[in-house]
Amino acid sequence: MEIKGAGHSLGPFFMYKGYKLSREATDSMRRNPFVTGAFLFGIAFAGVLPFILLGSVALAADDQALLQADREFVQAVGKRDAATLGKVLDAEFTWTDADGETRSRAQVLDSMPTPALGNESGAQITQQTRSQVGAVMSSRDKAHVLRLWVRRSAGWRLLVYHEVVLGRQTPGPSGPGVKDCENPCKSLPYKPKNEAEQAVIASWQALETGVTNHDSAAWAPHIADEFVMLGSTNDHPLTKADRIATLNLQKQTGFPSAPAPLVSAQMFDFGDAVVMTCHHQPYVGKPVHVTRLWIKRNGHWVMSISYQTTIQAAPANAG
């Protein structure tokens with residue numbers, strides 16, 4: 001298992017040694033006010049630095065605890081160890097496989113699915129850690145897995161397991177030919193439970209309006225720079241730059257392509273992060289299960305992750 005892109009890296013540590021100023025050093029500072037100021041700043045910074053380092057240590061400890069829990073989960077699935085799984089799965093846990101079938105915690109513990117990446121030997125791992133939510137993304141070839149961990153009083157618990165196999169579903173038409181976006185741009189079959197959910201929905205509706213209008217300038221402010229989107233119909237992960245290029249190209253062609261309406265959703269608020277799981281029905285084709293991670297950055301909610309898996313067993317909408 002190769003680990004890349006950890007959410008927080010521990011900065012360098014600096015060792016400070018106490019010492020007594022010599023008379024020469026004291027005289028030098030008296031002669032040079034700049035040296036005196038620099039020295040006093042150094043003393044002040046030395047007092048602040050331990051708090052900075054303690055923060056870095058705490059963040060690094062969070063990362064390590066998260067990765068340890070993630071390894072335990074992968075190993076437990078490989079061993080079909082339901083007892084260990086029961087300790088790490090959140091009460092609201094769901095498992096969505098590469099065919100788009102979603103199982104509850106009870107269903108997984110009763111009959112464990114076969115993971116798309118097996119024991120994840122040779123898989124590449126990337127990680128994002130917020131204060132209450134950690135995202136672990138594992139991939140090998142076309143198979144990708146998103147695991148969203150949430151901090152509970154007893155420690156990290158796995159809330160979402162979501163598989164995507166790129167290219168699993170043949171892409172449909174370049175667009176549905178629909179230019180008016182009522183759902184999700186203006187109204188939704190979901191009522192927000194608090195201010196954070198309301199703010200996330202406002203951001204989401206603004207970016208989906210940008211998608212409908214092929215307006216990348218309106219879409220981009222609602223997307224994190226590290227954004228990644230994976231879907232059953234894509235042949236590679238899409239970055240923020242990729243989506244901007246697509247929107248600009250669609251604007252040139254002018255073909256209507258309103259986003260897929262929302263059928264149902266669940267949202268989980270964790271302070272500076274919101275996990276959103278959705279069921280969408282495109283105007284043409286089969287329904288899609290989507291997991292999104294929203295993060296609050298500089299006072300604004302932006303989407304950082306989107307995994308979209310076509311539900312293979314569902315009937316297709318002919319349009």
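Colleague: How many bridges join strand β2 to β7, and in which sense do the two run?

Modeller: Strand β2 (residues 89-96) is joined to β7 by 4 bridges, and the two run parallel. T94 is the residue opposite V160 in β7. Two strands pair if DSSP finds at least two bridges between them. Helices (H or I, at least four residues) and strands (E, at least two) are DSSP runs, numbered from the N terminus.

Colleague: What kind of model is this, and how are the values set up?

Modeller: This is a predicted model, in which local features need pLDDT of at least 70 and side-chain atom pairs count only at pLDDT 80 or more, while totals for chains, interfaces and linings use all residues. Residues are numbered from 1 along each chain as its sequence is written, and side-chain values use heavy atoms, with hydrogens and water left out.

Colleague: Back to β7: how does β6 join it?

Modeller: β6 and β7 run antiparallel and are joined by 10 bridges. A hairpin of 2 residues leads from β6 to β7. L148 has V160 as its bridge partner in β7.

Colleague: How many residues of β7 are buried?

Modeller: In strand β7 (residues 155-165), 9 of the 11 residues are buried, and the strand is mostly covered. Buried means under 20% relative accessible area, exposed means over 50%, and partly exposed lies in between, with a 1.4 Å probe and protein chains only. For the protein, 43% of the 319 residues count as buried.

Colleague: Changing topic, what is the strand order of the 6-stranded open sheet?

Modeller: The order is β9-β8-β13-β12-β11-β10, and the pairing is mixed. The edge strands, β9 and β10 (262-269), each pair on one side only.

Colleague: And why is β13 described as largely enclosed?

Modeller: Strand β13 (residues 300-310) has 9 of its 11 residues buried, so it is largely enclosed by the rest of the structure.

Colleague: Which senses do its pairings with β8 and β12 take?

Modeller: Strand β8 (residues 223-231) runs parallel to β13, with 5 bridges, and G231 has Q308 as its bridge partner there. Strand β12 (residues 288-297) pairs with β13 in the antiparallel sense over 10 bridges, and V288 stands opposite T310. The hairpin of β12 and β13 has 2 residues between the strands, and N298 there takes a positive phi near 55 degrees.

Colleague: What about β11 and β12?

Modeller: Strand β11 (residues 273-280) runs antiparallel to β12, joined by 8 bridges. H280 stands opposite V288 in β12.

Colleague: On to α7: what span does it reach?

Modeller: Helix α7 (residues 240-253) has 14 residues and reaches 20 Å from its first C-alpha to its last, close to the 20 Å expected at 1.5 Å a residue. The expected span is 1.5 Å times one less than the number of residues.

Colleague: Which residues of α7 are buried, and which are exposed?

Modeller: K240, R243, L247 and Q250 are the buried residues of α7. They cover an arc of only 85 degrees around the axis, which puts them on the same side of α7; the arc is that of the directions from the helix axis to the C-beta atoms. A241, L249, Q252 and T253, on the other side of α7, are exposed.

Colleague: What do the buried ones pack against?

Modeller: The buried residues of α7 pack against α5 (195-212), α6 (216-219), β8 and β9 (238-239). Contact means heavy atoms within 4.5 Å. Just after α7, G254 takes a positive phi of about 75 degrees.

Colleague: Finally, which residues line the largest cavity?

Modeller: The lining of the largest cavity consists of F73, V74, V77, W95, P115, G118, E120, R147 and Y161. On a 1 Å grid over the protein atoms alone, a cavity is a set of points where a 1.4 Å probe fits but cannot get out, and lining residues have an atom within 4 Å of a point. Helix α2 (residues 33-78) gives the most to this lining, with 3 residues.

Methods. On a 1 Å grid over the protein atoms alone, a cavity is a set of points where a 1.4 Å probe fits but cannot get out, and a pocket is an open set with protein on both sides within 12 Å along at least five of seven lines; lining residues have an atom within 4 Å of a point.
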